Amino acid sequence: ERTEILGARSPSDPADDPIVDARVLRLSDGDREVQVWRLPADPLLPSLGALCDRDAVNALLRSVGVDPADVSVRFVAYRPCRRAVIELSTPRTRLYVKVLRPGRAAEVHRRLMLTRAAGLPTPRSLGWSDDGVVVLEALPGLNLRHALRLSGPRACSPSALSAILDRLPAELGELPRRSSWSESASHYAGVITAIDSELGARADSLALRIRAALDGGNEAEPVHGDFYEAQLLAAEGQITGLLDVDNAGPGNRVDDVACLLAHLSVLVA
């Protein structure tokens, strides 16, 4: 027996990066196309394949000063054509390798440097490459989602979460701006309408109110961009890690707060 992991995407935007790769199978019903591949041959993450090769992993570890003896490799996360996270563990060290599209690693490294300089508990970047690889030091603590399930409110205080956002450096506000969750409210309302027209009417009304409320807001505040409990580590009631600052930049603080509250509302449902 053997297990195969497949990746897939359905391009919905003409701006999506084109895929020209003989290893990608295209399936179509005449209206929509789905592109499928076998991991690790993700067509837009070319470095992913190397991390499934033992010699390449050993060379990567040596390049950051880690003895590769008895290394184990584990997939932690994968978003097709966007990013993957791989854990590399040895008897003495644990590292995470983030695999991105070529050219994005320098941006992520810069955000890590800015946030660490501001005293935030983001992972230390041990190195990066133009082909989309960033090597990250592991941080202490439990994933906050798990910590909340174990300890409830004792996992961390709301003020600790606010303090993390307050410490985001002003330099992030000077970086290129990315679309926020609130700007996609109309899109999500459309998804809800397609499932339930009655709920869709309420969602459309909310989307209009959100857009109106944000039109006069400050869009130059530094924000995390994807702030919720799975992006945080905690220990002994304190926040010990802030993860995934890939999208940190200028925006509205309310988006970070709303993202967190939305995830927590699902967690306790």
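In helix H6, the residues Gly200, Ala203, Ala207 and Leu214 are buried, where buried means under 20% relative accessible area, exposed over 50%, and partly exposed in between, with a 1.4 Å probe and protein chains only. Seen down the axis of H6, the buried residues fall within an arc of 60°, so they line one face of the helix. The arc is that of the directions from the helix axis to the C-beta atoms. On the other side of H6, Glu198, Arg202, Leu208, Arg209, Ala212 and Ala213 are exposed.

H6 covers residues 197–215, which gives 19 residues, and reaches 27 Å from its first C-alpha to its last. That span is close to the 27 Å expected at 1.5 Å a residue, the expected value being 1.5 Å times one less than the number of residues. Helices (H or I, at least four residues) and strands (E, at least two) are DSSP runs, numbered from the N terminus.

A word on the source. This is a predicted model, in which local features need pLDDT of at least 70 and side-chain atom pairs count only at pLDDT 80 or more, whereas totals for chains, interfaces and linings use all residues. Residues are numbered from 1 along each chain as its sequence is written, and side-chain values use heavy atoms, with hydrogens and water left out.

I turn now to strand E8. Residues 133–137 make up E8, and four of these five residues are buried. Which strands pair with E8? Strand E6, residues 94–100, runs antiparallel to E8 and is joined to it by five bridges. Strand E7, residues 125–129, is also antiparallel to E8, with four bridges between them. Two strands count as paired if DSSP finds at least two bridges between them. Within E8, Val134 is the bridge partner of Lys98, and Val135 is the bridge partner of Gly127. E7 and E8 form a hairpin with three residues between the strands, and there Gly132 takes a positive phi near 105°.

Next, a second sheet. Three strands form an open sheet in the order E9-E11-E12, with antiparallel pairing. Strand E9 (142–143) and strand E12 (238–242) stand at the edges, each with a single partner strand, so one side of each is left without a neighbour in the sheet. E9 and strand E11, residues 232–235, pair over two bridges. In E11, Ala234 is the bridge partner of Leu142.

The salt bridges come next. How many salt bridges does the structure hold? There are 15, a salt bridge being a side-chain nitrogen of Lys or Arg within 4 Å of a carboxyl oxygen of Asp or Glu.

Arg74 forms a salt bridge with Glu87, the closest N and O atoms being 3.0 Å apart. This pair links distant parts of the chain, since Arg74 is in strand E4 (residues 72–79) and Glu87 in strand E5 (residues 83–89), 13 residues apart.

Arg124 forms a salt bridge with Glu137, with 3.1 Å between the closest N and O atoms. Arg124 lies in the loop between helix H2 (105–117) and E7, and Glu137 in strand E8, so the pair ties together parts that are 13 residues apart in sequence. Arg124 is partly exposed, with a relative accessible area of 37%, and Glu137 counts as partly exposed at 28% relative accessibility.

Arg104 forms a salt bridge with Glu107, and here the closest N and O atoms are 3.5 Å apart. Glu107 is in helix H2 and counts as partly exposed at 31% relative accessibility. Glu107 and Asn247 are 140 residues apart in sequence and 9.3 Å apart in space, C-alpha to C-alpha.

Finally, the surface. Leu25, Leu27 and Val34 form a nonpolar patch with about 240 Å² of accessible area together. Accessible areas come from the Shrake-Rupley method with a 1.4 Å probe; for residues, only the protein chains shown count as cover. Patches are made of residues with over 30% relative accessible area and no salt bridge; like charges are joined within 9 Å, and nonpolar side chains (Val, Leu, Ile, Met, Phe, Trp, Tyr) within 5 Å. Val34 belongs to strand E3, residues 33–38, and counts as partly exposed at 32% relative accessibility.
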